[in-house]
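Subject: The model we talked about

Hello,

Here is the structure I promised to pass on. Have a look at it first, and then read my notes below.

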Amino acid sequence: MNISVLNNLSVRLQNISQLYYKQVYVYEYERGNSVEYFSQANHYPLMNINLLLSERIKTVARNRRPYKVAEILHEFINNVDSEIVCIDFYEMLFEPSLGVNPFDLFTNLSRNKTLIITWRGRIEGDYFIHAEPGHPEYTKYSTKDAIVIK
């Protein structure tokens with residue numbers, strides 16, 4: 001847990017409700033737990049996407065999974081009573097066979113709820129980096145329009 005991250009997150013949330021897309025990435029390289037602590041301290045739900053999605057997706061035929069992932073996550077997020085949802089452990093979304101871009105998916109989901117998203121990958125320059133080049137899950141995504149707290 002990082003106190004300056006928590007303070008910065010509280011300040012950012014005060015101004016985010018006017019935005020069309022309401023999402024904040026908290027850079028927790030490898031093992032940080034600031035988002036978990038923030039969710040507990042403020043009584044916001046914390047979603048482990050890997051756990052939730054793996055339970056639901058296992059009953060879906062492999063060839064239908066790319067079509068169901070966004071629908072399932074939309075259902076999870078919208079069924080939460082809180083206007084703010086904390087998200088962690090979503091590495092499963094980078095699986096190439098699911099055919100989703102986690103960043104675009106979270107952006108889309110953030111129209112209706114404010115999302116506080118743990119980022120456990122790397123940030124290099126103006127890019128989120130997931131996995132290493134050559135790895136099937138390697139992804140490089142611009143941070144240009146994202147709110148990132150380091």
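A word on terms before the findings: two strands pair if DSSP finds at least two bridges between them. Helices (H or I, at least four residues) and strands (E, at least two) are DSSP runs, numbered from the N terminus.

This is a predicted model, in which local features need pLDDT of at least 70 and side-chain atom pairs count only at pLDDT 80 or more, while totals for chains, interfaces and linings use all residues. Residues are numbered from 1 along each chain as its sequence is written, and side-chain values use heavy atoms, with hydrogens and water left out.

Let me start with the hairpin. Two residues lie between the strands β5 and β6, and Gly 125 in this hairpin has a positive phi near 60 degrees. The two strands pair in the antiparallel sense over three bridges, and Arg 122 has Ile 129 in β6 as its bridge partner.

His 130 is partnered by Thr 139 in β7, and Phe 128 stands opposite Tyr 141.

Next, the aromatic rings. The structure holds 12 aromatic pairs; rings of Phe, Tyr and Trp (its six-membered ring) pair if their centres lie within 6.5 Å, and planes under 30 degrees apart count as stacked, over 60 as edge-to-face and the rest as tilted. In Tyr 20 and Tyr 21 the ring centres are 4.8 Å apart and the planes are at 80 degrees, so this pair is edge-to-face. Tyr 20 is exposed at 55% relative accessibility, and Tyr 21 is partly exposed at 39% (buried means under 20% relative accessible area, exposed over 50%, partly exposed in between, with a 1.4 Å probe and protein chains only).

Tyr 25 and Phe 128 make a tilted pair, 4.8 Å centre to centre with 50 degrees between the planes. Because Tyr 25 is in β1 and Phe 128 in β6, the pair ties together parts 103 residues apart in sequence. Both Tyr 25 and Phe 128 are buried. They belong to a cluster linked by ring pairs, which includes Trp 119 and Tyr 141.

Strand β1 (residues 23–27) also holds Gln 23, which is buried at a relative accessible area of 10%. Its side chain makes a polar contact of 2.8 Å with that of Thr 107 (a pair of N or O atoms within 3.5 Å; within protein, one must be able to donate a hydrogen and the other to accept it, and residues adjacent in sequence count only if both atoms are side-chain atoms). Beyond four places in sequence, the contacts of Gln 23 include Ile 16, Leu 115 and Ile 147 (contact means heavy atoms within 4.5 Å).

Lastly, helix α3 (residues 49–57) has Ile 49, Asn 50, Leu 53 and Ile 57 as its buried residues. Down the axis of α3 these fall within an arc of 90 degrees, so they line one face of the helix (the arc is that of the directions from the helix axis to the C-beta atoms). Their cover includes β2 (46–48), α4 (65–78) and β3 (84–88).

Best wishes
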